[in-house]
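The sequence and the structure are shown below.

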Amino acid sequence: IIHRDISPSNMMMSVSGDVKLIDFGIAKARQRVAKETRTGILKGKVNYMSPEQLEGKKIDGRSDLFSLGIALYEVLTTRQLFSGESDYSVMKNIVSARVDTEPLLEKNVPVPLQRVVLKALKKDPLERYQSAGEMYIDLYNYQRTSPLESPQAELSRFVNSLLMLRPEERPPKEDTTDTLRRIADKSKQIINTREVQFQGVKDEAEVPVKDVVQAAAGAAAAAS
């Protein structure tokens, strides 16, 4: 299955530290109406499409890996990779596949992780990872050298830190600097103490990756 719509809003993080990919609607619909789909109709979020997807070429799993590369870049840098004043300008930037590496350096992203991101974002599918398995191997090898004892456990603590905030502390639809600062402080406190207090939070509670990216970006801006 080719997902065709991989983006932060379609990735969910659970309180157990699992990351889940959701909304296979476009992929399933594509299978059902493959013969009826008209040429020129774009399916998915423009900012996370691959160059070949935007150019109307035949796509495969490597297109999804390009989209995943965009999401990973944004998680690591808290900045949008491809943006523009209109969908056309966004598409033009994606087709050129020019990646600004400066934010990766500013955030001190480890070199091995930078390599993973940049390989996933190659314009030519032949230069990208040829399968999700290949990308997984590089990410797994990086994880083995990571200072984190358990990335999944750390992610679990962070998600719980978001969910444990009192209702008035949780991010509103339009996040404010003060709210984001409280989120960052609460997360740091729990991660430092390495304690997870569920306080009635159900295991199925999940937080969209896009909300975490927004929270991190706001907290970083507030701290500067």
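Phe 24 accordingly has its place in the loop between β2 (19-21) and α1 (25-32). The model is a predicted one.

**Overall fold**

The protein contains 10 helices and three strands. Along the sequence, these elements follow the pattern β-β-α-α-α-α-α-α-α-α-α-β-α. Of the 224 residues in the protein, 39% are buried. Among contacts with a separation of 6 or more, 65% are between residues 24 or more positions apart. The protein exposes about 13300 Å², and carbon and sulfur atoms supply 51% of this area.

In soluble globular proteins, nonpolar side chains tend to be buried together. In this model, the largest nonpolar core has 23 residues, and Ile 70, Phe 82, Leu 121 and Met 135 are those with the most contacts inside it. At least two residues of this core come from each of α3, α4, α6 (111-120) and α7. Helix α3 gives the most, with five residues.

The contacts of Ile 70, leaving aside neighbours within four places in sequence, are with Asn 47, Tyr 48, Met 49, Leu 81, Phe 82 and Leu 121.

Why does Leu 65 count as buried? Its relative accessibility is 7%, and buried means under 20%. When residues up to four places away in sequence are not counted, Leu 65 touches Ala 120, Tyr 129, Ser 131, Ala 132 and Met 135. Leu 72, leaving aside neighbours within four places, is in contact with Val 116, Val 117 and Met 135.

The C-alpha atoms of Leu 65 and Ile 6 are separated by 8.6 Å, although the two residues are 59 residues apart along the chain. Leu 72 and Ser 7 are 65 residues apart in sequence, with 9.4 Å from C-alpha to C-alpha.

**Aromatic pairs**

A pair of aromatic rings is described by the distance of the centres and the angle of the planes. The structure holds two aromatic pairs, which are listed here.

| Pair | Centre to centre | Angle between planes | Arrangement |
|---|---|---|---|
| Phe 66 and Phe 82 | 6.3 Å | 10° | stacked |
| Tyr 136 and Tyr 140 | 6.0 Å | 25° | stacked |

The phenylalanine pair links distant parts of the chain: Phe 66 lies in helix α3 and Phe 82 in the loop between α3 and α4 (87-96), 16 residues apart. Both Phe 66 and Phe 82 are buried.

Tyr 136 and Tyr 140 are separated by about one helical turn, because they are four residues apart in helix α7 (residues 132-145). Tyr 136 is exposed, with a relative accessible area of 52%, whereas Tyr 140 counts as partly exposed at 38% relative accessibility.

**A nonpolar surface patch**

Which residues make the nonpolar surface patch of about 290 Å²? Ile 1, Leu 21 and Phe 24 make this patch. Phe 24, in the loop between β2 and α1, has a relative accessibility of 31% and therefore counts as partly exposed.

Note on methods: Residues numbered from 1 in each chain as written. Predicted model: local features only at pLDDT ≥ 70, side-chain atom pairs only at ≥ 80, totals over all residues. Heavy atoms only, no water. Patch = residues over 30% accessible without salt bridge, like charges linked within 9 Å, V, L, I, M, F, W, Y side chains within 5 Å. Areas by Shrake-Rupley, 256 points an atom, 1.4 Å probe, with all protein chains shown as cover. Salt bridge = Lys/Arg side-chain N within 4 Å of Asp/Glu carboxyl O. Buried < 20%, exposed > 50% of the residue type's maximum accessible area, 1.4 Å probe, protein only. Contact = heavy atoms within 4.5 Å. Phe/Tyr/Trp six-rings, centres within 6.5 Å; stacked < 30°, edge-to-face > 60°. Core = buried A, V, L, I, M, F, W, Y, C linked by side-chain atoms within 4.5 Å.
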